[in-house]
Each structure stands twice: as C-alpha cells, then as structure tokens.
Amino acid sequence: MTVRVPAFPRGVATYYETSGHERVDIAPEVVQTVLALLGPPAAVPGPAAGGAPVVPSGPLPAVPRTWGWMLQLYGVRSAGSWGVGDFADLAAFTRWAASTGAGAILVNPLHAVAPVDPLPSSPYSPSSRRFVNPLYLRITDLPEYRSAAPDVRAAVDALRPAGPADELIDYDGVWRAKRAALALLCPAAEGAAPERPGRPERSELADFAVYCALVADHGPDWRTWPAELRQPGPAAYAVADPAAVAFHIWLQRRCAEQLAAANAAAAGMTVGIIHDLAVGIDPGGADAWTMQDVVAAGAKIGAPPDAFNQQGQDWGLATWSPDRLADTGYAAWRTLLRDIFRHAGGLRVDHVAGLWRLWWVPPGQTPAQGTYVYYDDEAMLGILVEEAKLAGAVVVGEDLGTVEEVVTTTLQDRNVLGSAVLWFTRDDDGRFLPPGDWPENALASVSTHDLPTAAGFLSGEHVLSRAEAGVLTRDVKLEWAAATADRTALLDLLDAEGLTGPDSTDEEIVLAMHQLLLRTPCRIVLASPYDVLGEVRQPNLPGTTTQYPNWRIPLPLPLEELTTDARMKQIADLFSGDISVARP
C-alpha cells in the first residue's frame with residue numbers, strides 16, 4: 001500500500017514510495033528542474049472565466065453486471081477493410097457481439113496521429129485526443145464513393161493494398177493507399193464548392209486542420225516550424241493551403257459519421273462501446289500546438305522503475321500544466337471529455353492515477369530521474385464524473401501498478417470502475433487471489449495490451465521477448481524462474497477452483513482463466529480475441545520502440561472467421577449465461 005507523500009511547493013514530490021513500501025528520494029536538482037518546467041505561478045489563482053466551475057457531484061450510477069470484448073481495432077481485418085481494422089469492422093464486430101449477449105466493447109484509442117509517412121503506429125501517442133484517426137475510415141462506405149462515377153470508383157478500388165493476412169500491419173502502406181483514395185473522393189464532397197475553398201473561420205476543428213495542412217510542408221513537430229507559425233492564428237491560417245485544410249475538415253466529419261454508425265451498432269447493449277483515453281499527447285503534435293496555454297512545455301511523462309519495466313518508462317508524451325489548466329477553469333479537459341462521450345457508451349481512462357499525479361521526466365534525463373507532479377484530483381475527477389453523467393456513460397479507470405490508496409478508494413466512492421487483471425490481482429505476499437476476493441467495482445480481464453497474452457504467459461513468451469529486446473535489468477535465468485513460479489501459482493489457483501487438472505492442455509487452461517473471471521464479482525468481465533485465439537505475442541511491449549513490433553500484430557483470423565470460430569463462440573456462450581448469478 002502506498003500513501004500520499006508530502007510534496008514540495010506547487011505539488012512537486014521530493015520522494016515517493018514504491019509498491020514494496022520502499023522510499024525513493026528525488027534528487028534536489030530534479031525537483032528544481034521540474035519546478036522550472038512549471039513556470040512562474042499564476043498571478044491570480046483559481047479558475048478563470050474561460051471554464052465552467054467545478055461543481056462536486058455524487059457518484060455515477062451503479063454499472064449493471066455485464067460482459068464483452070477488448071478489441072485492438074487495427075488488428076481486426078476483414079474482406080472489406082484495407083489491411084487495418086476500420087470503423088465498419090468495429091460496427092460489424094459490435095453487431096455480432098451484441099447478438100451473442102455481450103454488453104460492452106472496449107476499443108483501443110482512436111485518437112488522431114500526425115498525417116505523415118511513416119505513420120505513427122501507437123494509439124497511445126496521439127497528435128490529438130480531440131480528433132479521430134482517419135486511417136480507420138472505411139473507404140467504400142463513404143457517400144462520395146457510393147455516388148462517384150464508375151471510373152473514379154475503379155481508380156479508388158485499384159489503390160486497395162494486397163497482401164496475406166498474417167503479415168505485420170503495414171500502417172504506412174495502408175495510409176498511403178487510403179490518402180490517395182480520399183484525395184480522389186474529397187472533391188465530390190463539396191459539389192458546388194470552388195476548386196480552392198476559402199479560408200475557414202477560426203474554430204478548434206479548423207485549428208486542427210490547419211496543423212495537419214502545415215505538416216505537409218513543415219513536418220509533424222510544430223516546435224521546428226518557422227517562428228511565425230508556432231502559434232495557431234492569422235499567420236498560420238494565411239500560409240496553410242485552403243484545399244488541404246478543407247480536406248482534413250472533411251476527413252474529421254466523415255470519421256464522426258462512421259464512428260456514430262459504429263456506436264449505433266451497440267444500441268441495446270448494457271454499456272456499448274467503451275473508448276480509451278490516452279494519458280498524454282505528442283509534444284510536437286496538434287493538441288500541443290493548439291493548447292499551448294495549458295500544456296507543460298518540455299516535460300515528458302512516464303513511470304518510475306517497477307517489476308515489469310525495470311528501467312522505468314519515458315512515454316515521450318506531453319501533458320497538462322496543473323497550474324495553467326486550473327487557471328482556465330479546466331475548459332480543455334471538459335471539452336475533450338465531451339468530444340469523446342459524443343460517440344461512446346463509456347470511457348476507459350488510461351493511467352487514471354494521472355488525475356492525481358504524473359511522473360514527469362525532465363529533458364535529457366532517464367525515466368528513473370524524474371519525479372511526481374500532483375494535480376487537483378477533486379477537479380479532474382469531478383469533471384470526469386459530471387461529464388459522464390451528462391452522457392449516461394460508464395467510466396473505467398486503469399489503476400494498475402504503483403497507485404496511491406487514495407486513488408482506489410476515491411474511484412470506488414464515485415462508482416468509477418477500477419481495473420482487475422489476472423496477472424496483477426494478488427495479495428500482499430504475491431499469491432493470486434481467489435475469484436471471490438476480487439473487487440466488485442471493477443472491469444476484469446485476463447490481461448491488457450501491455451501485458452503477456454494468456455498463451456504468452458503460459459509459454460514464457462514475455463520473458464523471451466523482453467530478453468531479445470534488451471529491456472531486462474536482471475539475469476534472464478531469474479526472469480525464467482519468476483515466470484515459472486507465476487505459472488505454477490496460477491495453475492494451483494485454477495486447480496483449487498476445480499477448473500483444471502494435471503492433464504489440462506494450454507487451451508483448456510486458457511478457458512479456465514476465463515471461467516475464473518466469471519466467478520469474480522466484477523461488474524464488467526472482458527475477454528480478448530488475442531487470448532481466446534492463442535496468440536502468444538502481446539500487442540505492445542513497454543519500453544521498446546524498434547526492438548518489437550508494437551501495435552502491428554494482427555489477430556490470427558480475419559473478422560469473417562473470427563465471429564464463427566469455435567473458441568470465440570465457446571467464450572461467448574460461457575459469458576452469455578446469466579452472468580449476474582454466475583458467481584459461486
């Protein structure tokens with residue numbers, strides 16, 4: 001258990017406690033550097049007129065017990081998609097899941113990335129969290145495609161990438177093909193408009209589109225642009241190609257339409273589609289350019305060293321300045337939430353402890369040479385709960401890893417679901433908890449995108465991949481010993497629950513893991529197709545970049561086979577029983 005520690009003035013921690021109760025002191029020079037990153041304190045504290053006041057509200061309504069799927073959308077490919085899962089695939093999978101009784105679909109972040117080649121692959125390193133990645137557009141569902149002349153449709157069809165389904169996802173090839181197709185179709189969207197549209201009026205969407213247009217000439221990092229373009233405003237609008245700006249505005253409108261169609265496919269589900277909110281943004285990206293008044297310049301966020309990431313993590317992401325965000329009445333935070341809730345039945349907040357504190361890494365330092373910076377959690381969480389209530393949405397907080405006790409207890413008090421993952425749900429001595437001892441107010445799963453898959457855990461693939469990537473800080477023999485002990489401990493729990501026996505196959509053990517989830521009191525129980533289909537590779541290996549194919553591993557089966565696969569049906573049949581009384 002961790003505790004809230006005393007902090008230096010302005011919320012910069014001088015030490016912290018690990019999950020193993022060890023105190024770690026922060027070097028004074030790190031504290032001073034982070035204080036400098038915060039900048040001078042506001043002259044007049046408190047919210048300014050730009051944002052609505054934070055009004056404390058009661059907890060969210062209790063979440064009905066239900067089940068569903070965790071979906072890495074980019075990996076769900078079909079006969080109609082172009083090598084990357086798209087909004088139509090999301091709608092199709094959602095319709096199938098709903099037909100089997102599922103009540104929730106958790107999807108990876110759909111945030112916009114910089115429109116460059118090579119295209120960034122990580123959904124957790126967005127250029128903008130307010131806008132959507134047009135890579136997920138289904139080209140043939142666009143009204144412009146359907147109304148296009150035969151020769152235009154033929155030209156668009158000819159751009160479709162070809163390749164075997166078992167290759168790693170080629171984001172660059174797909175984006176090049178889709179961008180070319182979208183460029184052919186975009187003029188049809190503005191039938192009576194002039195060939196070169198006029199400059200748009202200033203708006204948040206227009207600012208984003210101007211950023212995207214400027215990227216083509218100046219690159220994706222606005223901090224390297226000519227000085228006169230480093231702020232959104234008249235100079236940037238004057239330079240940006242109006243046709244390119246109109247193109248990116250059109251893309252976002254079509255994304256909103258297809259996302260709304262996917263959301264409509266969830267009608268009648270207990271929760272619906274749960275979107276995922278990345279914890280930060282690309283410091284050179286669109287949000288950092290348009291919101292410089294509330295983004296902390298120079299600071300990057302990450303995590304201190306822990307058992308799974310022994311060198312710590314530098315996520316390379318920018319985040320809010322707590323002072324500036326408060327000074328503007330949290331308007332940017334509130335607007336971000338409203339934009340997402342418009343097309344979501346729920347929201348998973350990645351690293352929800354970031355509403356309380358974030359690990360800041362100063363420029364030029366390693367992740368181990370950072371410190372925690374505290375936020376006004378009452379305001380941050382209060383606005384989240386308030387906006388979720390207005391949208392009638394569920395909120396899930398990813399509260400794994402080293403999390404202060406106040407985070408967990410406050411989430412419980414506000415009916416924000418926590419996260420209960422099989423690999424992490426243990427007692428103080430490291431033993432796996434029996435299902436009856438799992439928390440009720442939580443979303444339960446076998447794993448996450450950052451952890452071993454079920455098959456990977458059983459085979460030790462997570463040890464091999466981390467060793468090959470060079471991210472281990474202790475001898476690989478010790479890692480193998482720990483992995484073997486973990487496997488034995490899990491099998492002991494499954495045996496004690498009567499779910500496995502000495503002759504159980506790995507496939508039977510994976511089924512038993514899901515049966516164990518069903519025996520917990522958790523409000524939402526989710527399965528991942530990666531686990532069910534026996535994929536050994538985890539979607540993302542934290543701490544790596546080029547050493548591992550992060551976010552590029554497709555599901556083993558195309559969507560058409562996925563929804564008819566006996567293993568998927570087995571889990572759906574298992575979970576779709578009366579889950580509310582499935583506990584022992």
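**Figure 1. Roughly parallel packing of helices α17 and α20.** In this predicted model, α17 and α20 are roughly parallel to each other, because their axes cross at roughly 25 degrees and angles under 35 degrees count as roughly parallel. Helix α17 covers residues 506-518, helix α20 covers residues 566-575, and the two axes come within 10 Å. The crossing is right-handed. From α17, the residues Glu507, Leu511, His514, Gln515 and Leu518 take part in the contacts; their counterparts in α20 are Arg567, Gln570, Ile571, Leu574 and Phe575.

**Figure 2. Right-handed crossing of helices α11 and α12.** Helix α11 is formed by residues 331-341 and helix α12 by residues 377-391; their axes come within 10 Å and cross at roughly 30 degrees. That angle makes α11 roughly parallel to α12. The handedness of the α11 and α12 crossing is right-handed. On the α11 side, Trp333, Arg334, Leu337, Arg338 and Phe341 are in contact with α12, where they meet Met380, Ile383, Leu384, Glu386, Glu387, Ala388 and Ala391.

**Figure 3. Two nonpolar cores.** The largest nonpolar core comprises 98 residues. Within this core, Trp69, Phe93, Ile105, Leu494 and Met513 have the most contacts. Another core, of 82 residues, lies apart from the largest one and includes Trp356, Val373, Ala379 and Val416.

Figure 4. The bond from Asp117 to Pro118 adopts the cis form, with omega near 10 degrees. Pro118 belongs to the loop that runs between strand β7 (111-112) and strand β8 (128-132).

**Figure 5. Positive phi values at His351 and Trp551.** His351 is a residue other than glycine with a positive phi, near 50 degrees. His351 is placed in the loop between β12 (346-349) and β13 (357-361). Trp551, likewise a residue other than glycine, has a positive phi near 65 degrees. The loop between α18 (529-532) and α19 (559-562) holds Trp551. The side of the cut-off on which Trp551 falls is clear: with 4% relative accessibility, Trp551 counts as buried, because buried means under 20%.

Figure 6. Arg466 is part of helix α15, which spans residues 461-469. With a relative accessibility of 9%, Arg466 counts as buried. Between Arg466 and Ala264 the C-alpha to C-alpha distance is 40 Å, at a sequence separation of 202 residues. Gln365 is located in the loop between β13 and β14 (371-374). Its relative accessibility of 33% makes Gln365 count as partly exposed. Gln365 and Leu422 are 57 residues apart along the chain, and their C-alpha atoms are separated by 33 Å.

Figure 7. For the protein chain, the mean pLDDT is 91, and 91% of residues reach 70 or more. Residues 1-7 form a segment in which pLDDT stays under 50. For residues 1-7 the model has 29 contacts beyond four places in sequence. Over residues 188-195, pLDDT also stays under 50, and the model has four such contacts beyond four places in sequence. Where pLDDT is low, the predicted coordinates should not be read in detail.

How values were computed: Residues numbered from 1 in each chain as written. Predicted model: local features only at pLDDT ≥ 70, side-chain atom pairs only at ≥ 80, totals over all residues. Heavy atoms only, no water. pLDDT = per-residue confidence, 0-100. Contact = heavy atoms within 4.5 Å. Core = buried A, V, L, I, M, F, W, Y, C linked by side-chain atoms within 4.5 Å. Buried < 20%, exposed > 50% of the residue type's maximum accessible area, 1.4 Å probe, protein only. Axes fitted to C-alpha atoms, helices over the stretch in contact; angles between N-to-C directions. Helix = DSSP H or I, 4+ residues; strand = E, 2+ residues; numbered from the N terminus. Parallel < 35°, antiparallel > 145°, perpendicular 65-115°, else oblique. Left-handed = near helix turned anticlockwise from the far one by under 90°.
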